[in-house]
Amino acid sequence: MSELSAVTVVGGGVIGLAVAWRAARAGHRVRVIDAGERAASWVAGGMLAPVAEATPGEEELLELGSESLLRWPGFAEELVRDSGRATALRTEGTFVVAVDEADRADLDRLAEHLASLGREVTRLSARELRRAEPSLGPGVRRGLAVPGDLAVDNRLALAALRSAAEAAGAEFRDGRVRAVRPGAVELDGEELRCDVAVIAAGARSGELHDGLRGRIRPVKGEVLRLRARRSALPPPTRTVRGPVHGRQVYLVPRDDRGLVVGATQHDAGFDLGVTAGGVRDLLADAERLLPGIAEYELVEALAGLRPGTHDNLPLIGWLEPGVLVATGHHRNGFLLAPITAEAVLAVLAGQRPPAAVDPERGHDGGGRPCKC
Ligand SMILES: Cc1cc2nc3c(=O)[nH]c(=O)nc-3n(C[C@H](O)[C@H](O)[C@H](O)COP(=O)(O)OP(=O)(O)OC[C@H]3O[C@@H](n4cnc5c(N)ncnc54)[C@H](O)[C@@H]3O)c2cc1C
C-alpha cells in the first residue's frame with residue numbers, strides 16, 4: 001500500500017496516538033476509536049530508559065529501544081510544536097543504586113553486561129551519589145550513572161499527542177471495537193469502512209483479530225503517585241531505580257515536586273485492582289532509597305496492564321492485507337513510540353517492518369503462538 005489511504009486506528013494510548021499523529025501528518029485520512037478504558041499509557045512511569053533496563057538475553061530490545069531513544073528529542077520537539085503543549089522531557093539520566101550485598105551483585109552484573117555491549121556507565125560511590133542527589137537514604141551504598149536515558153511526563157505526552165493528531169486532521173470517536181476485518185472495523189454493531197485498520201488496543205488487542213489470539217497477555221503493574229509537601233525534601237532530579245532486596249523499584253520525578261513510584265509486575269488477567277501488598281512493597285522499597293518519602297502526600301495508587309508478548313518485543317506489521325498491528329510494547333510503550341510510528345508509516349508505504357518486530361516471528365501463521 002503506497003498511496004495515501006483512510007486509516008482507522010483502534011486504541012488511543014501512546015501507540016495509537018503516535019501512529020495517528022504521524023499518519024495524519026503524512027497525509028493519510030485518520031480516525032481514532034477509543035473505548036475509554038484505563039490505558040497503560042495513563043499509568044506509566046514515562047521512563048525512556050533502554051540502557052538502565054537492559055537485561056541479558058534482550059539485546060534486540062536494547063537495540064530497538066536505543067534507536068527509538070535517539071529519535072525522542074526530535075519527536076518531542078515536533079510534538080511540542082504541533083500541539084502547542086509541553087511533554088516535560090527530562091534529560092538528567094538515571095542512577096541505578098543498590099542497598100544490600102545481593103543488590104550490589106545485581107548492579108555489578110548490570111555494569112558488566114552494559115560494558116560488554118560497549119555502553120557508557122559510570123560507577124559511583126555513596127558519597128558521589130548523595131552529592132548529586134542529597135535526598136538518597138544512608139542505606140544506598142553504591143550506584144551506576146546512566147547518562148542519556150530520558151523521561152517524559154506520560155500524561156502530558158498523551159495530551160500533546162492527541163492535540164497534535166487533531167491539529168494534523170485526525171478524527172476521534174469514542175466506542176468499543178468488537179472486531180477488525182480487512183476494510184472495516186465493527187463498532188458497537190456498526191461497520192466502519194477504511195482502507196487500513198491499525199490494531200493498537202494495548203493489552204486488549206488479542207480480542208480483535210484471530211491472528212493475535214493468545215499472543216498478547218496483560219501484565220499488571222501497580223504504581224503510586226506522590227507529591228513532596230512543602231516541609232519535605234524535594235524528589236531527586238533524575239530517575240533513581242534499584243533492586244531493593246531483589247525487587248525492582250523506580251522513582252521518576254515529575255514537575256511540581258511530583259514523584260511516580262513503580263512498579264509491581266504480575267500476570268493477573270485483566271484485574272486492575274490495587275492490592276494492599278503492592279502498595280506496601282512499593283512504599284517500603286521507595287523509602288529505602290528515599291527516606292523523606294514518608295512525608296510526601298500519597299496522591300494516587302493505580303494499576304495498568306502492559307501488553308506483553310512471548311519475547312517482550314512488540315508486533316508491528318501486516319496481519320493480513322488491510323489489517324496492521326502495532327502492539328505488544330510491554331514495559332516500553334513510551335520509549336518505543338517514535339520508532340513504532342515510523343515503522344507503521346514505512347509499512348503503509350510498502351516497506352517491510354524491522355525483522356525484530358515482524359508479527360510473523362515466533363508464530364505458526366494459524367493464529368497460535370509457536371512453541372519457540
Ligand atoms: C505500571 C506501568 C509502568 C510503565 N512504565 C513505563 C515506562 O516508564 N516507560 C515506558 O516506555 N513504558 C512504560 N510502561 C509500558 C507502557 O505504558 C505501555 O507499553 C504502553 O502504554 C502501551 O501503549 P498502548 O497504546 O499499546 O496501550 P494502552 O496505553 O493500554 O492503550 C490502549 C487503548 O486502547 C483502547 N482500547 C482497548 N480495547 C479497545 C477496543 N476494543 N476498542 C477501542 N479501543 C480499545 C483503550 O481504551 C486504551 O485507551 C508502563 C506500564 C505500566 C502498566
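Predicted model: local features only at pLDDT ≥ 70, side-chain atom pairs only at ≥ 80, totals over all residues.
Visitor: How many residues surround the ligand, and which are the closest?

Guide: A residue counts as near a molecule if its C-beta atom, placed from the backbone, lies within 6 Å of it. Here 43 residues surround the ligand, and Gly11, Gly13, Gly202, Gly221 and Gly333 are the closest. Elements giving two or more residues to that shell include helix H1 (14-25), strand S2 (29-34), strand S13 (217-227) and helix H8 (333-348). Helices (H or I, at least four residues) and strands (E, at least two) are DSSP runs, numbered from the N terminus.

Visitor: How many of the shell residues are nonpolar, polar and charged?

Guide: The sorting rule is that Ala, Val, Leu, Ile, Met, Phe, Trp, Tyr, Cys and Pro are nonpolar, Asp, Glu, Lys and Arg are charged, and the others, Gly among them, are polar. The shell around the ligand has 20 nonpolar, 17 polar and six charged residues.

Visitor: Let's take Gly11. Is it buried or exposed?

Guide: Count the other C-beta atoms (placed from the backbone) within 10 Å of a residue's own: 20 or more is buried, 12 or fewer is exposed, and in between is partly exposed. Gly11 has 29 of them, so it is buried. You'll find Gly11 in the loop between strand S1 (6-10) and H1.

Visitor: Which residues does Gly11 touch?

Guide: Contact asks for C-beta atoms, placed from the backbone, within 7 Å. Setting aside residues up to four places away in sequence, Gly11 touches Gly16, Asp34, Ala200, Ala201 and Gly202. Gly11 and Ile33 are also worth a look: 22 residues apart in sequence, they are 5.8 Å apart in space, C-alpha to C-alpha.

Visitor: How many residues has the largest nonpolar core?

Guide: A core is a set of buried Ala, Val, Leu, Ile, Met, Phe, Trp, Tyr and Cys residues joined through C-beta atoms within 7 Å. The largest one has 114 residues, and Val10, Val19, Ala20, Leu161 and Val198 have the most contacts inside it. H8 gives the most to this core, ten residues. Domain 1 and domain 2 each supply at least three residues to this core. Beyond its neighbours within four places in sequence, Val198 is in contact with residues including Val9, Val10, Val19 and Val344.

Visitor: Which strands pair with strand S6?

Guide: Pairing needs at least two DSSP bridges between two strands. Strand S4 (residues 94-98) runs antiparallel to S6, with five bridges, and Ala98 has Arg142 as its partner in S6. Strand S5 (residues 122-125) also pairs with S6 in the antiparallel sense, over four bridges, with Leu124 opposite Gly143. Of the five residues in S6 (142-146), four are buried.

Visitor: What should I look at in the backbone around Ala263 and Arg257?

Guide: The peptide bond from Gly262 to Ala263 is cis, with omega near -20°. Ala263 sits in the loop between strand S16 (258-262) and helix H7 (276-289). Arg257 is not a glycine, yet its phi is positive, near 60°. Arg257 belongs to the loop between strand S15 (247-254) and S16. With 17 other C-beta atoms within 10 Å, Arg257 is partly exposed.

Technical notes:
Residues numbered from 1 in each chain as written. Domains from an automatic or database assignment. Contact = placed C-beta atoms within 7 Å.
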